Structure formats: C-alpha cells, structure tokens
Amino acid sequence: MYYVVQVHTGDEERCMQECCLRIDKEILRECFIPHYEEKRKINGTWMTQERVLFPGYVFLDTEDIDALYLQLKAVPRMTRLLGVGERIVPLSEEEEAFLMRFGGEAHLVEMSEGIIERSQVRILSGPLMGMEGLIRKIDRHKRKAWLEVELFGRTQRIEVGLEVPMKIV
C-alpha cells in the first residue's frame, strides 16, 4: 500500500535517500518521488528535463504502517505522514491505479502529444491519452498542461509536459 509523507518542498530527494538508508528493507518495499518530463528552451535548444510531479511529497510502499511509522522517526526533514485526523491512511486503490497508469513502474510521466480541434484538445500519444477531461489549462508555448486530480483526499493541481504542434480551427 502506498502512503504519502509530507516534506519541505525541495527536500524530497534528500528525504527519499534518508528513508532508503534508515528504514528496514523488509518494511519499506519502495520509496519514490513521481516526476514528469517537460521541454525547456535552453540556449536556443529544446531540452527534456525531469521535474517533481508533487512538490513536497514522498511516496512509500509498505504493508506494515506501524513499523514504518516508528522507523520514520529516525528520518530528519520528514514532517508528517498524510492521513485523516489522527489516523494514517494509505492511498485508495483508485489513486494507486492512477499513479501507476500515469507514471508507470518508473514513476515518470513522459511527454504527451496532442492537437487542438475546434477548441477541444485531443491527445494522440502519451500518458494523457484518455485523460482529456482532467486538463484545465494548456500553454502551447511552454509545452505544458495543468490538470486537476483527486489525490490525498483533496483536489491537486499538477503540471505535466504536453506538446501541441497543431491547432485546427
């Protein structure tokens, strides 16, 4: 089951490394930070870079949350495990399925490609295929899309890479 740890934005990598070092491998199956690909123009050339998909969050996969909770106390920079009230709750099956479909085993949301037809976006390839209804904003020049998804018990606004080379009126 996936659990989410809230950390200070920018400390995600350091916290993930600390978790991998300090937590018993039999308790912590996997520790990861989902990323997305984006294209940026650097010195006149479009380059693909990886960015953190959920800034301020680290994901942990475990079946023994009580043992994990005790060992997390030894991890510096961790702020808290997400939950409801005092209870620590894992991501729902739907949330886990969304993360796996969106980022796959590598937890990396690759660039998608689409077109705009009569003010409607149509995704031709990439992880955004079939998720057009989640897109709230597109910036063709920055090659990004902003989505709203239900995660961690609230609506999250996330950005991902989207190439839209053509607009058909």
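The structure, a predicted model, holds one cavity of 30 Å³ or more.

Cavity
- The largest cavity has about 40 Å³ of space.
- Its lining consists of Pro 34, Leu 53, Leu 99, Phe 102, Gly 103, Gly 104, His 107 and Val 109.
- Helix H3 (residues 93-103) gives the largest share of this lining, three residues.
- Five of the lining residues are nonpolar, three are polar and none is charged.

Largest pocket
- About 240 Å³ of space lies in the largest pocket.
- It is lined by 14 residues, and Leu 82, Gly 83, Val 89, Phe 152 and Gly 153 lie nearest its centre.
- At least two lining residues come from each of E1 and strand E7 (83-84).
- The lining divides into eight nonpolar, three polar and three charged residues.

Second largest pocket
- The second largest pocket holds about 190 Å³ of space.
- Among its lining residues are Tyr 69, Lys 73, Arg 80, Glu 86 and Arg 87.
- H2, E6 and strand E8 (87-88) each contribute at least two lining residues, and E6 has the largest share, three residues.
- By class, five lining residues are nonpolar, two polar and four charged.

Helix H1
- In helix H1 (residues 12-22), the buried residues are Glu 12, Cys 15, Met 16, Glu 18 and Cys 19.
- Viewed down the axis of H1, these residues fall within an arc of 160°, so they line one face of the helix.
- The elements covering them include strand E1 (2-7), strand E4 (45-52) and helix H2 (65-72).

Notes
Residues numbered from 1 in each chain as written. Predicted model: local features only at pLDDT ≥ 70, side-chain atom pairs only at ≥ 80, totals over all residues. Heavy atoms only, no water. Buried < 20%, exposed > 50% of the residue type's maximum accessible area, 1.4 Å probe, protein only. Helix = DSSP H or I, 4+ residues; strand = E, 2+ residues; numbered from the N terminus. Arc of directions from axis to C-beta. Contact = heavy atoms within 4.5 Å. 1 Å grid on protein atoms, 1.4 Å probe; cavity = no way out; pocket = protein on both sides within 12 Å on 5 of 7 lines; lining within 4 Å. Points joined across faces, edges and corners; volume = space filled by probe spheres on them. Nonpolar A, V, L, I, M, F, W, Y, C, P; charged D, E, K, R; others polar.
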